[in-house]
Amino acid sequence: MATDAIQSTIPIEKLSGHRFTVEDYQRGYKWTSQQVLDLLEDVNAFNPQTDTFYCLQPLALVRLAEPFHFEVIDGQQRLTTVYMVMSLLAEPLYEVCYRTRKGSEEFLSDITDLKTVDRIDRNPTYAELDKFDDELDKAWLCYIEGKPKALDNTDNYHFFMAAQTVLSWAQFNADRVETLLTNLKEHTRFIWYEEAREKDPRVVFRNLNSGKIPLTNAELIKADIINGLKNSHLEIQRLQQNELATEWDQIEQSLHDDAFWFFINNDTDSERYETRIDFLFELLLKTTKHPREDNQYIYRQFSQRMVLPADNEAHLDWNDVKLAFYLLREWFEDQEIYHWAGYIIDRKLQRIQQLFNISQGCGKLEFKNRLVQIIREDFERFTGDGDGDFLARLQYNHHNKVIEKTLLLYNLELYQTSHASFRFPFDRFKKQKWSLEHIHAQNSEEFTSLKEVSDWLKDIEELQRSFSNVESESEGIKFPETAFKQMQQLVCSAAEEPDTTLSDEIRKVMQEMSEDLVGCFDLHAITNMALLDGSTNSSFSNRGFRDKRALLIEIDRKPWLHGKEKAFIPIGTKHVFLKHTSQTIEQLTIWGAQDRADYYAHLELTLRRYLPAPSGARGALSDLIEKALKCSGMQSEVQNA
């Protein structure tokens, strides 16, 4: 490796007069409209008052004989996108020449001609990006109609899509274009990694780790694999190398689909994997731990196994990587495996490596049975020697983790059975913090006004009325009638006074009464629990059921806006507050005894294949549920199921 390698940052405005060539052994231009939009929004949002500069990923280059002429080894995607932005919205600062496909060089050099083509009359926002992409495809077909066949290639298609995205964005964001161009020219920099002239630029790619920017394990493995593709016919060799590079990029791009990534991975640290294909190498090597200070451990281990004879069980090569990816993708696309394996990985019942090993030499049906068995055994571990129905035993503050996993599994089953292609979004779920929400508020500690207390008493009165028809004679479920009447009198008397703050006496009786109500209505039971993200849970506070329901509907009506402006509310939680599980809806103001009985029955029906069978003895809640089910006529349905 040459010793005069240069690493620095260089402002885009300093690239004026430079020429960059992307040779045919490189992959072509592949950026999507979303990636272009991400760059436009990120650069536009940069604030030079608070940050020094906006930094783009490294440009790895080899200096050629002509002045200011470089061959691009890595980083051509952003380099090309910036070139198109400047060309279409201002003046090009530098040249980019693609030799990856016939006609690409000419198309890119004439990119400004697209300013005269009919633009897509739609703002490329994240919320509308799918519709925008559909119109892009139609626009491309119209554009190439009657034009030379060489024009219709992958590079030009993506050049066209990127250019249309830039032009449409500028059309609908005219007031932001000046800021974008200023930030791009004056405040945006590439990390510049330059080597002096080499006979073969591929050598630079292979040996980049000798410079000041070490490559990732995946990049080093890629270099070894590509360099290992030898053929006496140079054209065939280059074709094979291009094919492998394309497969590599497709796998990496697929792993950057968060819906897929967070199905197989719990790690939300964006810095954990510089390239996500590293995950596959760790999977095949059955390790995620690296010896201290050996950042290239995965590369060394994989390289050692690549050179082993093909008949050696420890041998690994590119085909093994592809097969591992295809297997994970097959899991992702299978509705049942997606939900079961996703649940097991999320709840850490088994690591992805363990599931990968279980699946080897195992048919799909057998693998599915094993997944169900793993889930069932986990619940059986909790049951132990305890008596009573599994669900009836679960109590908040004692079994929070078990309740969380039970309600998560309940939601997964609802997603599976609601629609053939309806899938639980593990990416949304793992990016939020989750907690258990009491459907009916468990206490009144945060009340500050007489109105809140008065509304609370009305809810309790309605709740008591709903429970009176099915009230169990079991010990510990008596309603605190005396304290309730005392509270009514205190609130009525306080309302006549000018000072409407809560007195110490009201707070004392209210606290005593709240503690009794927890036992009376079994407020800590799973029939009073739902999954909510932490932010929505905080906004619910100790509101009554009616207010919680209204707030949930308000939140759910908000648009996604690329998933950044709206909380994800699981379908099971929506069902509870919309009373979807209730057989009859007598009122929408409280979460009554019959609602809870129906919810319990629905939980049992939905999760019957996973949960331990009842042991015979039944607790107070089971007693209450049984009587409520008799009232609704559902008991025989549950027993038959």
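Figure 1. In E8, Ala-530 is the bridge partner of Glu-437. The model is predicted: local features need pLDDT of at least 70, side-chain atom pairs count only at pLDDT 80 or more, and totals for chains, interfaces and linings use all residues. Residues are numbered from 1 along each chain as its sequence is written, and side-chain values use heavy atoms, with hydrogens and water left out. Glu-437 belongs to strand E7 (residues 434–438); helices (H or I, at least four residues) and strands (E, at least two) are DSSP runs, numbered from the N terminus. E7 pairs with strand E8 (residues 529–533) in the antiparallel sense over five bridges, where pairing requires that DSSP finds at least two bridges between two strands. With a relative accessible area of 3%, Glu-437 is buried (buried means under 20% relative accessible area, exposed over 50%, partly exposed in between; 1.4 Å probe, protein chains only). Four of the five residues of E7 are buried, and the strand is mostly covered. Leaving aside residues up to four places away in sequence, Glu-437 touches Asn-528, Met-529, Ala-530, Leu-532, Asn-537, Phe-540, Ser-541 and Lys-548; contact means heavy atoms within 4.5 Å.

**Figure 2. Crossing of helices H2 and H5.** The axes of H2 (residues 76–89) and H5 (residues 154–172) come within 10 Å and cross at roughly 50°. That angle makes H2 oblique to H5: angles under 35 degrees count as roughly parallel, over 145 as roughly antiparallel, 65 to 115 as roughly perpendicular and the rest as oblique. Axes are lines fitted to C-alpha atoms, for helices over the stretch in contact, and angles run from 0 to 180 degrees between N-to-C directions. The H2 and H5 crossing is right-handed; a crossing is right-handed if the near helix is turned clockwise from the far one by less than a right angle, and left-handed if anticlockwise. From H2, Thr-80, Met-84, Val-85, Leu-88 and Leu-89 meet Phe-159, Ala-162, Ala-163, Val-166, Leu-167 and Ala-170 of H5. By class, this contact of H2 with H5 has 10 nonpolar, one polar and no charged residues (Ala, Val, Leu, Ile, Met, Phe, Trp, Tyr, Cys and Pro count as nonpolar, Asp, Glu, Lys and Arg as charged, and the others, Gly among them, as polar).

**Figure 3. Packing of helices H11 and H12.** H11 (residues 278–285) packs on H12 (residues 297–306) at an angle of about 60°, with the axes 10 Å apart. H11 is therefore oblique to H12. The crossing of H11 and H12 is left-handed. Phe-281, Glu-282, Leu-284 and Leu-285 of H11 meet Ile-298, Gln-301, Phe-302 and Arg-305 of H12. The contact of H11 with H12 has five nonpolar, one polar and two charged residues.

**Figure 4. Helix H15 and the residue Gly-361.** Six of the eight residues of H15 (residues 352–359) are buried, so the helix is largely enclosed by the rest of the structure. The buried residues of H15 are Ile-352, Gln-353, Leu-355, Phe-356, Ile-358 and Ser-359. Gly-361, which follows H15, has a positive phi, near 70°.

**Figure 5. Ala-494 in helix H21.** Ala-494 lies in H21 (residues 481–495) and is buried, at a relative accessible area of 13%. Ala-494 and Leu-450 are 44 residues apart in sequence, and their C-alpha atoms are 8.0 Å apart in space.
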